[in-house]
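The overall composition of the chain follows at the end.

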Amino acid sequence: MGICIKLPKNTKLKTIAGAQEPYYNNTIEHQFVCKEMPPEVNKIIMLVDMESFYASVEVAKNPSLRGKPVVVCGDPKQRSGIVLAATREAKTLGVKTGMTAGECTRLSSQLVFVRPHMQDYIDTSLKITKILEKFTDRIRPYSIDEQFLDMTGCEKLFGNPKEMAKLIIKKVWESTGIRCRVGIGENPLQAKMACDRFAKKNKDGFFILSHKNYAIYTWPLPIKDLFGVGSRMENNFFNIGIRTIGHLAVLPRESLKRRWGINGEILWLNARGIDYSIIEETSRAKEIRKSVSHSITLPRDYRVKKEIEVVLLEITEEVCRRARSIKKAGRVVHVCCRGADFELATGFSRQVRTFEPTAITMDVYSYALKLFYTYWDRRPIRALGISLSDLTDFKGAQLSLINRKEKEIALTKAMDLARSRYGITSLFWLSSLAPGGLLFERATKIGGHEA
Ligand SMILES: [Mg+2]
């Protein structure tokens, strides 16, 4: 394959040992041959990215905000008072993520500030995954607002890649009121580059890169635009005369490897649009099916038995509730505990097999408690976690559940129903009110943010 790259007139570049000759003089066009061609794959990989995700969710929730310069920002008086997201309208006024609320106010007085609602973003993200699952079962969530899809072989159902992208954009918009952009490539790297560098900037909201056109579109771009190049690498590259992605791509792979090891080699592959990773059936979904777990880092060191028991019960309840919600019961209870003293590396991680598959809180709790007291060294603890694994379908488990007192099952079901409708604090074990209980504190926070 012959490729042309255009360099500005009078470009002067330092010579790097081993680089291909034509690249170093300053004539306008250079031709060379890509020797390192990737295997022919012909896959259809997409990266679906939500536009200004947090801000878009807020606008979708409150349509009166549509068209307004909305800024999602923590408490302006707190350290958290930085911009997490901003709508297109706010961005045109100069707002950027990471700015402080104060800096924004100086830019414009029309800005509408909204506090973040992490739970809504998580819920919407999961909802979008569900929508995308209607297109393919090969999905890899990449971040809260980005997901990779492997659409290979779906042409008969949804048309060519262009038609697929349009359909996905339309479906997501109709069901959530959020605009998404789609990068399309023959591997995840190309899809990511197509999305970040082109789809986000064009009107259609999608862009297709392939082994055929990758060099034509990406090689003229500045080196910082290459996926994986941070400011440090940008500097390193700059120092040896690499200004564009094309400059990097034409260097011998070995020289990159020698200088920066595996990282240099990966960037070299990125510059050529080569990426061997594959999108499997959601590995995370598989993982979730194998076990259900929950853990907490405690707000302070716990040392009193009673307090630890309270938290242990709360965690157990959460794990069991999650297991029941996906209609699973487990045969292995695992408890892990991290000590407060980092130097002594205290704590343990132990598991036990249950007598029968269960997802009944008090059942699992009795196993967890036994494990805990067997292995706890009586030193203060910092974090606690419980998991339920070797899951079987609830159907199988129901048989053994039938043998239980009907009251116990009815109570569990009623509690789950109430909590799914009215929130996890609508019904709780009385012990959560005792010292050490974290239920109420946790219920209002997700990942350190207000829910
Ligand atoms: Mg985004």
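This is a predicted model: local features need pLDDT of at least 70, side-chain atom pairs count only at pLDDT 80 or more; totals for chains, interfaces and linings use all residues.

One of the facing pairs is Arg-140 with Phe-148, the latter in β8. Helix α4 (residues 118–133) packs on the sheet, where its contacts include β3 (45–50), β7 and β8. The direction of α4 makes about 15 degrees with that of β8. Helix α7 (residues 188–199) also packs on the sheet, touching β3, β7, β8, β9 (180–185) and β10. For α7 the reference strand is β9, and the angle between their directions is about 135 degrees.

The sheet in question is open and has five strands in the order β7-β8-β3-β9-β10, with mixed pairing. Each of β7 (139–143) and β10 (206–208) has a single partner strand and stands at an edge, so one side of each is left without a neighbour in the sheet. From one strand to the next, the twist averages 15 degrees.

A second open sheet is made of three strands, ordered β5-β4-β6, and its pairing is mixed as well. Its edge strands, β5 and β6, each pair on one side only. Neighbouring strands of this sheet are turned by 30 degrees against each other on average, with direction ignored. The pairings of β4 are as follows.

| Strand paired with β4 | Residues | Sense | Bridges |
|---|---|---|---|
| β5 | 83–86 | antiparallel | three |
| β6 | 112–114 | parallel | three |

Val-70 has Val-112 of β6 as its bridge partner, and Val-72 has Val-114 of β6. Val-71 stands opposite Ala-86 in β5.

Which residues of strand β4 (residues 70–73) are buried on each of its faces? Val-70 and Val-72 are buried on one side, and Val-71 and Cys-73 are buried on the other, which leaves both faces of β4 covered. Helix α1 (residues 53–61) lies across β4, β5 and β6. The direction of α1 runs at about 115 degrees to β4.

Elsewhere in the chain, Leu-430, Leu-433 and Phe-440 form a nonpolar patch on the surface. Together these residues have about 330 Å² of accessible area. Phe-440 belongs to helix α17 (residues 439–443). Is Phe-440 buried, partly exposed or exposed? Its relative accessibility is 35%, and buried means under 20% while exposed means over 50%, so Phe-440 counts as partly exposed.

For the chain as a whole, there are 17 helices and 17 strands. The chain has 451 residues, of which 47% count as buried. Considering contacts between residues at least 6 apart in sequence, 65% join residues at least 24 apart.

Note on methods:
Residues are numbered from 1 along each chain as its sequence is written. Side-chain values use heavy atoms; hydrogens and water are left out. Two strands pair if DSSP finds at least two bridges between them. Helices (H or I, at least four residues) and strands (E, at least two) are DSSP runs, numbered from the N terminus. Axes are lines fitted to C-alpha atoms, for helices over the stretch in contact, and angles run from 0 to 180 degrees between N-to-C directions. Contact means heavy atoms within 4.5 Å. Buried means under 20% relative accessible area, exposed over 50%, partly exposed in between (1.4 Å probe, protein chains only). Patches are made of residues with over 30% relative accessible area and no salt bridge: like charges are joined within 9 Å, nonpolar side chains (Val, Leu, Ile, Met, Phe, Trp, Tyr) within 5 Å. Accessible areas come from the Shrake-Rupley method with a 1.4 Å probe; for residues, only the protein chains shown count as cover. A salt bridge is a side-chain nitrogen of Lys or Arg within 4 Å of a carboxyl oxygen of Asp or Glu.
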